[in-house]
Amino acid sequence: MESIITQFLNGFSVVAILMIAAVGLAVIFGVAGVINMAHGEFIMVGAYTAAVVGQLGGNTFIAIPVAFLVVALLGLVVERSIIQWIYDRPLETLLATWGVGIILQVVMKLIFGPELYYVGAPKILDGGFRTIGLLPFPWYRLFLIVIAIIIMIITYFVLFRSDLGLKVRAVRRNRTMAGCLGIDTAKVDMIIFAFGSGLAGVAGAVLAPIKSVSTTMGFPYAVDSFMVLVLGGVGSLWGVVAGSGLIGEAETILSFIYNSVIGKLLVFIFIVLAIRVFPKGLFGYHERT
Amino acid sequence: MNRRKFLKNSAVAAGTAAAATITDFPYFFVKRYAHAAEGDTIKVGILHSLSGTIAIIERSLHNAELLAIDEINAAGGVMGKMIEPVIEDPQSLVQVFAEKAKKLILEDKVVAVLGCYTSASRQSVLPVFEQHNNVLLYPTLYEAQECSKNCFYTGCVPNQQLDDFVPWLIENVGPKFYMIGSNYIYPKETNREVKALLKAHGGEDVGEEYAPLGHTEFSTNINKIASKRPDVVFSDLVGDSVVAFYKQFRQFGITADDIIIGTPITTEQETAAMGPENALGHLTSFNYFQSVDTPENKKFVESYKAKFGKNEVTNAVMEAAYFQTHMLAQALEKAGSTEADALIYEGLPGQEYMAPGGKVKIDEKNHHTWLWPKIGRANETGQFDIVWQRDDWVRPDPWVDLLYPNKDCDFTNPSVLERLKSDSKDRSGTFELS
C-alpha cells in the first residue's frame, strides 16, 4: 500500500514531465495550426544549451531562461525562413518541420560530436524529502512539478490575460475576420511559433539532469507529446493537463502493477479507444462555422 | 623483363623505400601511398557505422582498428607488405551492412573484415561472409549461442562475464538479486544465465523486469526495486536507458552502500555521460578497464589519446577491436597466405596476443576468445578500480554448460570438418553431444 501511494506521487512527476514536454507543441499546433515534427529536436537543442551552460559554470536555474531564448530564436528563424511560406499547406509543414528536425540532429552531431553529454542537477536540489513511502521523494522531481505549474500559469496568462493572447485567440477562431479587423496575423503566428519553441527549449533544459542528453534524445519526447495532444485535445491548455494527467498516472500505476512494457501497451490501447469515443480529444476545440 | 613490368617493379621498390621513411607521418599519407602502389598492399576491410544512431560507439572501434593498423605498418607491415584499410560506412542500417560487406569482399577483394557492433548487423553480414568464404572479426560482447566457420569473435561471451561475477556478488554483496534489462534478446538471454547461476550458488531472484529500448523514466522501477529490498540490482539496460537509470537511482536517495548495481554493460563512456557521482561504487564485470595496469595498456591508452584527443576514454570493446587487428596481422604472417581458408584453418585458431587487458587467445574449437574476467568498482573520477580479477584466463563457452549441457561447437572435430567439406552450404561447427 505504501508503495502504491509513493507511486501516485511519482506519477505526479511523470505528469509534470509530460506537461513540460507537450505544452510547446500544443501552443504551436493550437494557434498556428502547424504540427511541428521538429518538436523533439527543439527539446534536444534546449538540453544541449543546458549542457553548455553547465560547462561554463552555470546551473539549471540559469539554463532555463538561456534555453528559452536560444530555442525561441531558433524557432523564429525556422518560422521566418520556412514555415511562413507554407502555413496553409498542412502536409508540407509536416514534411518541412520533419526535415528541420533531421537537419538539427545532424548539425548538433557535427558541433558536439556523437557522444552522450553530461548535465548535472543543481546542488541544492540533490537528495529528497521523506514521505510515507519507502524512498525519499527527490527534490528535483518536486522542482519539475513546480516548473510544470509555473509554465502552465505563464502560458495561461500569455494566451488568456494579455493583449497578445486576445489577438491570438481571435486569429485562432477566425483568421480572415481577425485580419479584416486589423490584426497582423502573420506576426501573431511568428510570435506564437517562437514562444512555443522557447517552451520546448525550457523542457530540454529541465529534463536534461534526469535523462540522458544525446542528439537522438528528442524522438521519444515528440511521441509522448503527440499522445498527450491526441488524448487531451488540440489547442486547449486543459487538454494538455488532462492528457498528461491521464497518461502519466495510468502509465506509472500500470507499470507498477504489471511492468513497463505492458504499462505502455495498455496506455496506447486506452488512447486508441479514447480517440474512438472522443475524436477531437477530451477537451477538443469545436470549430464554429 | 619488358619495359612495362620494369617500370612497375621500380615504382614499387621506390614506394616501399618511401614508406619506410614516412611511417611517422599521419595516417592519410600512408593511405595515399598505399593507393599508389596498388597490388602491393594487403587490403583489410573496416566496417563500422560512422553515421547514424550507433556511430557513437562504432566510431571508437573504427579508431582503435586504425590505430592498430598504423602500429602494424610502422613495424614493417605483414609479409613485407603494408596493410591498407578499406573503410566503409554502413550508416547504422542493418541492410546496408550486408551491401557494404559484399562490396568489400567482391570489389575491393579484402582478405578479412574488421567490423559490426550490434548482433543484428553481425547476423545480416554473416551469410555474405559464408557464401563468399571470407573472414569477419567481430569485437563486441554478445549473447553467444552462435558459431560460424567464417567469423572470429573477440569480445566477451556470457560465461566470461557472469560465471565469476554472479557468485562473487552473492558472496561479497548479498544473495538477493533484482534484474532489470532492456527489452530485447541480449538482456533476456543474459538474465536466463544469471538465474541459473543464482540457483547453483544459493542466490535468490526477487524480481525481473524489462523496459522498452530507449526508455528513460525509471521512477516506477526504482520504487518497485525498493519495495523488494534486494542486495544487488543486476542491470542489462543499454543505450540511453543506462544513464537515465543511474541518475534517477541516486536521485531517489539510493547509493551503492544501500543497493549495488552490478552490470556487464556500463563502461567508462557511460560513467562519463552520467557523471561520476551517479556511478560511484557500482560494479561492472568486463575483461578490460581503462585503469588496467599493464605496460601494453599504458601504451594503448597513450597512443589512442595522442591520435584521437586527450579527453577520449577507452573501453573493453575498443580493446577487442584493437587486439583483433593485431591478431589478424599475426595470423596472416603465420599462414603465409591471404587465402581465406589458410586464415580460417591455420592463421587465426590458437593465435595469441599480449592485449592491453592481458594475454588473449582465439580458441581453436569455437573461434571465440580466451579472456581475463575482472570486476571494476566505479570511483569518483568515473574510472573503475579493479576490485577482483581472475588469476588465469577463461575459456569462451558459446553454449553455457548450465543451460545447454549437450550443445557445443568444435571446428577441430573430424566429423564437423567432414561435414563442412561435404556440404558447401554448411558453415556452422555446432553439434549435439550424445
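Reply: Chain B holds an open sheet of seven strands with mixed pairing, in the order β7-β6-β8-β9-β10-β14-β15. Strands here are DSSP runs of E with at least two residues, and helices are runs of H or I with at least four, both numbered from the N terminus. Two strands count as paired if DSSP finds at least two bridges between them. The edges are β7 and β15 (384–389) of chain B; each has a single partner strand, so one side of each lacks a neighbour in the sheet. From one strand to the next, the twist averages 25°. That angle can run from 0 to 180 degrees between N-to-C directions, with axes fitted as lines to C-alpha atoms (for helices, over the stretch in contact).

The model is predicted: local features need pLDDT of at least 70, side-chain atom pairs count only at pLDDT 80 or more, and totals for chains, interfaces and linings use all residues. Residues are numbered from 1 along each chain as its sequence is written, while chains are lettered from A and ligands numbered from 1 in the order in which they are written.

Now one pair inside the sheet. Strand β9 (residues 260–263) of chain B runs parallel to β10 (residues 283–286) of chain B, and two bridges join them. B:T263 has B:T284 as its bridge partner in β10(B).

Strands β11 (residues 352–355) and β12 (residues 358–362) of chain B are antiparallel, with four bridges between them. B:M354 is bridged to B:K359 of β12(B). Next, β12(B) is joined by two bridges to the antiparallel strand β13 (residues 369–370) of chain B. There B:I362 finds its bridge partner in B:T369. Six residues lie between β12(B) and β13(B) in this hairpin, and B:H367 in the turn has a positive phi of about 65°.

Chain B splits into domain 1 (39–156 + 293–370) and domain 2 (159–286 + 374–389). Their centres, taken over C-alpha atoms, are 29 Å apart. Eight residues of domain 1 and 12 residues of domain 2 of chain B take part in their contact. Residues are in contact if their C-beta atoms, placed from the backbone, lie within 7 Å. On the domain 1 side, five of these residues are nonpolar, two polar and one charged. Nonpolar means Ala, Val, Leu, Ile, Met, Phe, Trp, Tyr, Cys and Pro; charged means Asp, Glu, Lys and Arg; the others, Gly among them, are polar.

Last, the partner chain. The contact takes 33 residues from chain B and 33 residues from chain A. The largest share, seven residues, belongs to α9(B). By class, this side of chain B has 12 nonpolar, 15 polar and six charged residues.

One residue of the partner chain deserves a look. A:E115 sits in the loop between α4 (90–112) and β1 (128–129) of chain A. A:E115 counts as buried because it has 21 C-beta neighbours inside 10 Å. The scale is: buried at 20 or more other C-beta atoms within 10 Å, exposed at 12 or fewer, partly exposed in between, with C-beta atoms placed from the backbone. Beyond residues up to four places away in sequence, A:E115 touches B:I56, B:Q269 and B:A273.

Definitions and conventions. Two residues are in contact if their C-beta atoms, placed from the backbone, lie within 7 Å. Domain bounds come from an automatic or database domain assignment.
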